[in-house]
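Trainee: I'd like to learn how to read a model like this one. Could you walk me through a few features, with the general idea before each case?

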Amino acid sequence: MSNGHETPSRIVRVAVPVPLTTALDYRLNDNDATVTSGARVIVPLGGRRIIGVIVETDVTSPLAPAELRSVERLVDPEPLLSPAIVSLIEWCARYYHHPLGEVFAVALPARLRRVDSATRADRPDAWQVAEGIDTSNQAALQNAPKQRAIFDWLATHKAPTRTADVGRSFKQASTHLRALENKQLVMRVAAGDDVEIGQATAEPPRLTADQQSALDTLGIESTGFRPTVIEGVTGSGKTELYFARMAAELAAGRQILYLVPEIGLTRQMIDRVLARFDARLAVLHSRRTEAERAAAWRAAIDGRADIVLGTRSAVFTPMPRLGLIVVDESHDESYKQQEGLRYHARDVAAKRARDAAVPIWFGSATPALTTWQHARDKRYTHVSLRQRTGGARPPSIERIDIRSRPLDGGLSAPLLSHLGEHLEAGGQVMVFVNRRGFAPALGCHACGWTMPCDHCDAPMTLYKHGRTLRCHHCGASAAPPASCPACGNSKLVAFGAGTQRVADTLAKHFPAYPLARFDRDAVAAAGELDAQLAAVARGETRILVGTQMLAKGHDFANLTGVAVIGVDGGLFSSDYRAREQLAQMLTQVAGRAGRGATPGAVWLQTRHPDHPFFDTLLTSGYPAFAEAELAERHAAGLPPFGWLALVRADSRGYAECDALLQRATEQIAVTTGVECWGPAPAPMQRRAGRVRSQLLLRADNRRALHRTLTELRQWLIANANPNRVRWSLDVDPVNLL
Ligand code: ADP
Ligand code: ZN
Ligand code: ZN
């Protein structure tokens with residue numbers, strides 16, 4: 001206590017989740033508190049109270065102490081975030097030119113960011129009878145029958161019971177539980193599901209010669225930053241290679257961060273990890289509840305989780321004993337967030353591995369060209385597993401020329417007969433269509449009109465076998481018109497085929513074989529997907545029709561034939577990454593065929609069977625494609641040989657957003673070596689009622705690009721009216737649409 005002689009308050013700098021470029025300074029009134037960066041605080045902001053994270057202590061503020069507001073409360077006595085994670089987050093804010101507080105908001109589970117639950121998340125969310133309590137004689141509950149009922153019910157449970165589960169059986173459960181807690185009859189404990197406990201049930205397989213030599217190259221225990229590309233088709237044994245190294249990490253008491261691109265893939269990977277290791281696994285993805293995510297996160301920080309398995313944002317999970325990062329299916333675009341903080345988890349993971357001085361393994365059958373180039377430059381070690389385990393042979397690929405053939409619901413006669421043969425022979429078949437719905441458009445053959453969305457520059461997708469239309473860009477729906485509004489023709493037709501139409505057609509041709517459709521309309525929940533995939537694995541489902549959802553990582557032993565339709569668009573797209581995406585997709589899809597003893601067949605329907613793209617990819621494989629494509633990128637100065645950033649703006653009217661970007665390019669000093677392309681209308685100019693303009697920046701030199709971005713952002717913050725024009729920056733954009 002000071003007597004009359006005030007010590008000046010300490011000042012801390014706090015990142016708050018608002019679109020500000022810098023953190024804010026606050027006074028810390030409790031001078032005794034030991035504060036460190038990485039700890040959360042509750043601070044006032046405007047009229048609100050919010051959670052912020054301290055990023056710097058004992059700062060000298062440019063503002064006078066009297067002008068500063070005070071920290072209301074320190075939430076974490078120990079910092080929640082390690083210095084390593086704080087600096088990773090700061091790096092993201094700089095690299096992606098994004099408000100620091102909003103990067104923290106992406107990194108932290110939601111529950112840890114809310115004033116009302118910030119501390120509650122730290123408290124375990126399950127209940128059991130307190131230790132040493134005689135459950136038969138509870139005088140304290142004589143006049144509280146409801147509490148008694150809950151108490152007795154908990155006493156019959158061996159495992160801790162979550163609050164939510166008590167709530168399903170009893171009204172006002174949390175009030176009664178709190179009363180019981182105050183009487184010290186029950187206690188809060190960890191629900192037991194913040195980590196899943198693995199139990200090794202099988203001996204690991206003996207590594208093949210290929211796997212062993214890859215492992216020898218990489219070293220089973222080498223430490224330090226060592227980025228490695230593990231290239232191998234699905235089924236070549238990449239996962240077993242990760243597992244061999246992970247076993248060594250676990251034995252050494254280190255933690256492993258294992259990233260997967262999509263929730264759809266996590267269940268099978270979780271089961272596989274749990275069956276292999278006697279380890280504690282924390283799972284982090286968006287389909288888990290807020291409480292589960294906060295608990296899993298906490299387990300990782302505490303070091304109770306040995307392995308953290310998660311999607312994109314799991315890359316920010318603090319792990320005190322991190323020893324290895326695995327990025328599975330590392331080419332996958334789901335690693336790039338497409339809104340808000342547009343970060344690429346693969347790149348953030350690489351930065352994290354470098355800072356932590358740990359190895360990072362990028363696995364893929366089709367490494368991204370950026371990754372591939374790092375390997376060519378010898379910045380990344382590159383190992384390949386070119387053979388499938390068990391001796392399965394690569395599939396044969398046949399191009400079906402459909403230039404002069406009629407299609408039935410998108411399918412040609414030769415394709416239908418191939419599919420029939422495989423079904424009769426007892427195999428499963430898959431038809432891959434990259435469009436959801438019945439058909440991509442409804443239109444008029446007489447005059448070429450197609451039904452547009454009222455709010456977007458795009459045709460509407462036909463659904464329900466032709467009875468409704470829906471827009472994939474804004475969600476609007478409409479009924480089909482009775483006749484063509486342009487020429488009056490009364491016969492409107494479905495153009496092209498989506499998954500629904502293909503499924504209908506296959507059901508008509510092959511009524512005896514059970515069929516399942518996999519797309520976002522048919523399979524909405526992760527649980528449904530797991531169930532549907534299980535039916536495929538049991539061999540019950542014989543025909544699979546689906547989108548991207550089917551292209552990834554699933555292993556079906558009896559799948560002998562795979563058809564791919566509707567790929568021609570990717571050959572002529574204006575997006576520089578379209579061919580890379582198409583090559584990855586085709587290679588992944590083809591990898592689904594013939595996993596067992598029988599070689600698979602892949603059929604590709606195209607109007608351009610002689611296109612050089614197919615020749616390179618189908619006859620020489622992905623590595624040859626990658627070399628050819630990289631040569632073109634090099635000539636054009638495109639990534640990975642140049643750096644791109646996209647500035648997007650949208651508003652009610654086009655003139656406004658276009659003028660804003662135009663003025664920006666005129667008024668900022670564009671660094672020498674940075675090319676500005678545009679502003680120009682976005683490829684889909686109108687979307688969800690907003691009109692969009694964009695500016696593409698390109699530079700050979702990354703620093704030059706970032707200097708310009710810094711200026712541009714400052715200019716936009718100062719000059720754009722957020723009520724009229726919205727804008728965003730996308731650093732290293734993966735699509736330019
Ligand atoms: P990828 O990750 O490249 O798709 P996996 O590691 O999942 O490949 O291997 C594919 C299949 O082959 C799995 O069923 C796996 O258990 C099996 N497998 C992998 N390596 C071996 C090995 N050395 N011996 C026996 N089976 C193996
Ligand atoms: Zn018409
Ligand atoms: Zn629309």
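Mentor: Let's start with a term: a nonpolar core is a set of buried Ala, Val, Leu, Ile, Met, Phe, Trp, Tyr and Cys residues joined through side-chain atoms within 4.5 Å. Buried means under 20% relative accessible area, exposed over 50%, and partly exposed in between, with a 1.4 Å probe and protein chains only. Before the case, some housekeeping. This is a predicted model, where local features need pLDDT of at least 70 and side-chain atom pairs count only at pLDDT 80 or more, while totals for chains, interfaces and linings use all residues. Residues are numbered from 1 along each chain as its sequence is written, chains are lettered from A and ligands numbered from 1 in the order in which they are written, and side-chain values use heavy atoms, leaving out hydrogens and water.

Trainee: Which residues touch the most other members of the largest nonpolar core?

Mentor: In general, nonpolar side chains tend to be buried together in soluble globular proteins. Here the largest core has 77 residues, and those touching the most other members are Leu-81, Ile-89, Tyr-96, Phe-104, Phe-316, Ile-325 and Val-348. Helix H1 (residues 83-95) gives this core its largest share, eight residues. Helices (H or I, at least four residues) and strands (E, at least two) are DSSP runs, numbered from the N terminus. There's also a second, separate core of 35 residues, including Leu-533 and Phe-613.

Trainee: What is Ile-325 in contact with, beyond its neighbours within four places in sequence?

Mentor: Contact means heavy atoms within 4.5 Å. On that basis, the partners of Ile-325 include Leu-257, Ala-349, Arg-352 and Trp-361.

Trainee: Leu-257 sits in strand S11. Are the residues of S11 buried or exposed?

Mentor: In a regular strand the side chains alternate between the two faces of the sheet. For S11 (residues 255-259), five of the five residues are buried, so the strand is largely enclosed by the rest of the structure. Gln-255, Leu-257 and Leu-259 cover one side, with Ile-256 and Tyr-258 on the other.

Trainee: Which strands does S11 pair with?

Mentor: Two strands pair if DSSP finds at least two bridges between them. S11 runs parallel to strand S14 (residues 322-327) over five bridges, and parallel to strand S13 (residues 307-310) over four. Follow Tyr-258: it stands opposite Val-326 in S14, and its bridge partner in S13 is Leu-309.

Trainee: Now the metals. Which residues coordinate the zinc ion (ligand 2)?

Mentor: Donors are N, O and S atoms within 2.8 Å of the metal (3.2 Å for Na, K and Ca); water is not among the atoms, so sites may look incomplete. For ligand 2 they're the SG atoms of Cys-444, Cys-447, Cys-484 and Cys-487, at 2.2 to 2.4 Å. Their spacing in sequence is C-x2-C-x36-C-x2-C. Cys-484 is buried, at 2% relative accessible area, whereas Cys-487 is partly exposed at 41%.

Trainee: What geometry does that site have?

Mentor: Four donors count as tetrahedral if all angles lie between 85 and 135 degrees; four count as square planar and six as octahedral if opposite donors are over 155 degrees apart and all others between 65 and 115; anything else is irregular. The ligand 2 site is tetrahedral, with angles of 102 to 115°.

Trainee: And what are the protein donors of the zinc ion (ligand 3)?

Mentor: Cys-453, Cys-456, Cys-471 and Cys-474, each through SG, lie 2.3 Å from ligand 3. That site is tetrahedral as well, with angles of 104 to 115°.
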